[in-house]
Amino acid sequence: MFIVLEFLTVATWSPYLAGAGIGVLSCLAFLLSDRPLGCSTAFVKASGLIGKSFNAKKTAVMDYYREIIPQADWALMVIPGIMIGAFISVLLSGQFHLAWVPSLWEQSFGPSPLLRVVVALAGGILLGFGARWAGGCTSGHGINGSIQLSLASMVTAACFFAGGIAVALLLFRVIGGA
Amino acid sequence: MTLETIRTNYRLQVVLGLLMGICFGFLLQKGGMTDYNVIEGQLLLTNFSVLKVMLSAVIVGMAGFHLLKHFGYVRLHAAEGAWGTNVVGGLIFGAGFALLGYCPGTAAGAVGTGALDALVGGIIGMVIGAGLFAEVYPKLRATVLRRGPFPAVTVPELLHLNLWTVLVLMEVCMIGFLLVLEYFGL
C-alpha cells in the first residue's frame, strides 16, 4: 500500500512507463469507444457550442459543424478530463502552482506575462487551425494514427515536428539569440 | 454487456470520454508532458522526453491494436491522406506547436498544473483557431485539402508488404531508436 502511494505521489515517472500507459489507454479507447484517443476535435465542438449560443441559425448550417456535431460527447469530455487528471497528478505530488511565464521562455524573452500570452495566443490559434486542417493532433495522428500504421498520420506527425523544430530554433536561436 | 452496447450507449460514452481523459491527463503529467520546458526542449532538440513518451505509446499501442484487430475486437480508423491536408496542416500545426509550447492535449494538461499561458493562449487560442477553420472549411475542402492524394492508406499497403512484417520492422526500429537515445545519454 505504501509503495503504491509513493508511486502516485512521486513528481515524475519514467517517460517509457508513462508512454506505455498511454499506449494501453489508446487500445482501450479503440476497444470500448471505437475511436482514436484524440484531443483536437474537442476544440471544434467548443467553438461550435459558442457559435450556437451567439448565432444558432448560422452555426446549424455550417458544413464543418454538420460533420463534427457541437455537443458534449466523448470527444469534448476528454479535454476537461485531461485537465482534471493532470490536476490530480500535481496535487498528489504537491507541485501545483499558478504561473504565466515558463522558465525557458523567461531566459530568452524576459518575465513579461503580456509578451508570453500574446505569442502563446498566436500559437494556440495556429495550433487549433492547423490541427483541424491536418485532421488531428499529436495524439490523434502522432500516437493513434501511427499505432494503426496510417501513412497519412505518420507523414502528419513528421510535419508537426519538422515545422515545430524549425520555428522553435528560429524563435530561440535566432530571435531570442541564446 | 457486449462491446456494441457499450459503444452505442451515449451517456456511458460521455463518462468514458471523461474517465479516459482523466487517465490520459494523469499519465501526461507524470510523463513530464505538461511542462512547457520539456516540450519546447524537444523542439529545440535538447530534451528527448516527448519522443520517448510518444514512441513508448506507439510501441505498446501498435502491438495491442493489431492483436485486437486480428481477433476482430477493433477496426481500422485510418483515412486516406493528401499533401494538401497532412503536410500543409502539419506544418501550420508545427508553427503553432513551437509558439505555444504545448500541443492540444498537453495544453489542457498544463492548465491542470496551473499554467495560465496554456489556458489563455492555448485553450482560448485553439477554440478560436478551430472556429476559423470551420469558417474557411467549405473553400478548402474542394481545393487545397484534396491536392496530391497519397497512394495508400496504410504503410503495409504502400510498401506491398505483409502487415506483420511491417509491424515487426517498425517495432524493432522504434525500440532501436530509443536504445540509441539512451546510449548517447539524450
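(Helices here are DSSP runs of H or I with at least four residues, strands are runs of E with at least two, and both are numbered from the N terminus.) Helix 9 itself covers residues 163–183 of chain B, and its 21 residues at 1.5 Å a residue should span 30 Å, which agrees with end C-alpha atoms 30 Å apart. The expected span is 1.5 Å times one less than the number of residues in the helix.

A quick word on the ground rules. This is a predicted model, where local features need pLDDT of at least 70, side-chain atom pairs count only at pLDDT 80 or more, and totals for chains, interfaces and linings use all residues. Residues are numbered from 1 along each chain as its sequence is written, while chains are lettered from A and ligands numbered from 1 in the order in which they are written.

**The two chains**

Both folds are spelled in helices: chain A has 10 helices and 0 strands, and chain B has 9 helices and 0 strands. Here is how the chains line up.

| Chain | Box of C-alpha atoms, along the principal axes | Buried residues |
|---|---|---|
| Chain A | roughly 50 × 50 × 35 Å | 54% of 178 residues |
| Chain B | roughly 50 × 45 × 45 Å | 48% of 186 residues |

Buried means that 20 or more other C-beta atoms lie within 10 Å of a residue's own, exposed means 12 or fewer, and partly exposed is in between, with C-beta atoms placed from the backbone.

How about the range of the contacts? Two residues are in contact if their C-beta atoms, placed from the backbone, lie within 7 Å. In chain A, 54% of the contacts between residues at least 6 apart in sequence join residues at least 24 apart. For chain B, residues 24 or more positions apart make up 60% of the contacts with a separation of 6 or more.

Most residues other than glycine have a negative phi. Asp34(A) has a positive one of about 55 degrees, though it is not a glycine. Asp34(A) sits in the loop between helix 2 (15–33) and helix 3 (41–54) of chain A, and is partly exposed, with 17 other C-beta atoms within 10 Å. Leu149(A), also not a glycine, has a positive phi near 60 degrees. Leu149(A) is placed in the loop between helix 9 (138–147) and helix 10 (151–175) of chain A, and is buried, with 24 other C-beta atoms within 10 Å.

**Where the chains meet**

The contact draws 113 residues from chain A and 105 residues from chain B. On the chain B side, helix 7 gives the largest share, 18 residues. The chain B residues that touch chain A split into 65 nonpolar, 34 polar and 6 charged. (Nonpolar covers Ala, Val, Leu, Ile, Met, Phe, Trp, Tyr, Cys and Pro; charged covers Asp, Glu, Lys and Arg; the others, Gly among them, are polar.)

Zoom in on one pair: helix 9 of chain A packs with helix 4 of chain B at an angle of about 35 degrees, their axes 7 Å apart. Axes are lines fitted to C-alpha atoms, for helices over the stretch in contact, and angles run from 0 to 180 degrees between N-to-C directions. The residues making this contact include Gly142(A) and Ile143(A) from helix 9 of chain A, and Gly61(B) and Phe65(B) from helix 4 of chain B. They divide into 7 nonpolar, 3 polar and no charged.
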